Amino acid sequence: MQRRKFIGHISKAGFAVAAAGSVTSLASCGSSKHVSAGPFTTTLDQVPLAYRYEALEPVIDAKTMEIHYTKHAAAYSTNLKDAVKAEGLGDNVSVEEILGKVSKYSPKMRNNSGGHYNHEMFWQSMKANGEGTPSGQLLTDIEAQFNSYGNFKSLFSDAAKTRFGSGWAWLYKDGQKKLHIGSTPNQDNPLMDLSDIKGFPILGLDVWEHAYYLKYQNKRADYIDNWWKVVNWEYVQKRYAAI
Ligand code: MN3
């Protein structure tokens, strides 16, 4: 019962959305290469999962979710706090502020700010029985940019399947509000000032082996093809509308 109540509570809390303008250091940095993080701000702590570990089965098994959330992702948060302390930044610094100037900091800061940010976004961008498709302005713009939703899925999946080694595939919006598909190595992401691709991440897919190996072993492509069944398009659309 305890756990049920807890999950109910965090579901109501919903998205970790702070007041617009709270990340002005990014939004007003004056460089066209920097992209606003808008109303989404990420704190140094993990937000509790809004669903149970088994909720995404059979696409993602409960054991993978448990280890991924409580070990891998938890370590990014813990190590990020260490790095923040070592750099003399306050506890209230947002992860977005760090990402926008991450090249000034240690490799530990780069790896763990990215790792924490990417996972916090990843958990929220999935839900049980996603099975849906985008709608509204996001669908309109995906169709305009990539010809069709089917073609978008295929391009995004290819970006995920062809990322060599560990990394992420992204749908992101650049400073001119144009959609792009790309991928980054390790725990980098498009909000980082040192990233080859720059923009606000709308949707991200973790293709590190720890995200799928227990169930899919070497079959990364099967994990990617199945993952579309658990995408939380309502959340993705909120991110799209926010910037
Ligand atoms: Mn991961």
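## Metal site and helix packing

The manganese ion is held by His68 (NE2), His119 (NE2), Asp206 (OD) and His210 (NE2), at 2.0 to 2.2 Å. Donors here are N, O and S atoms within 2.8 Å of the metal (3.2 Å for Na, K and Ca), and sites may look incomplete as water is not among the atoms. Along the sequence, the donor residues follow the spacing H-x50-H-x86-D-x3-H. Histidine 68 in α3 and histidine 119 in α5 sit 51 residues apart, linking distant parts of the chain. Both histidine 68 and histidine 119 are buried (under 20% relative accessible area, 1.4 Å probe, protein chains only).

This is a predicted model: local features need pLDDT of at least 70 and side-chain atom pairs pLDDT 80 or more, while totals for chains, interfaces and linings use all residues. Residues are numbered from 1 along each chain as its sequence is written, and side-chain values use heavy atoms, without hydrogens or water.

Next come two helices in contact (heavy atoms within 4.5 Å); helices are DSSP runs of H or I, at least four residues, and strands are runs of E, at least two, numbered from the N terminus.

| Helix | Residues | Contact residues |
|---|---|---|
| α6 | 136–146 | Leu139, Ile142, Glu143, Phe146 |
| α7 | 149–162 | Tyr149, Asn151, Phe152, Leu155 |

Their axes, lines fitted to C-alpha atoms over the stretch in contact, lie 8 Å apart at an angle of about 70°. That makes α6 roughly perpendicular to α7 (65 to 115 degrees).

Finally, helix α9 (residues 220–227) has Arg220, Tyr223, Ile224 and Trp227 as its buried residues. These cover an arc of only 95° around the axis, so they lie on the same side of α9; the arc is that of the directions from the helix axis to the C-beta atoms. Their cover includes α5, α7, β3 and α8.

Definitions and conventions: Buried < 20%, exposed > 50% of the residue type's maximum accessible area, 1.4 Å probe, protein only. Axes fitted to C-alpha atoms, helices over the stretch in contact; angles between N-to-C directions. Parallel < 35°, antiparallel > 145°, perpendicular 65-115°, else oblique.
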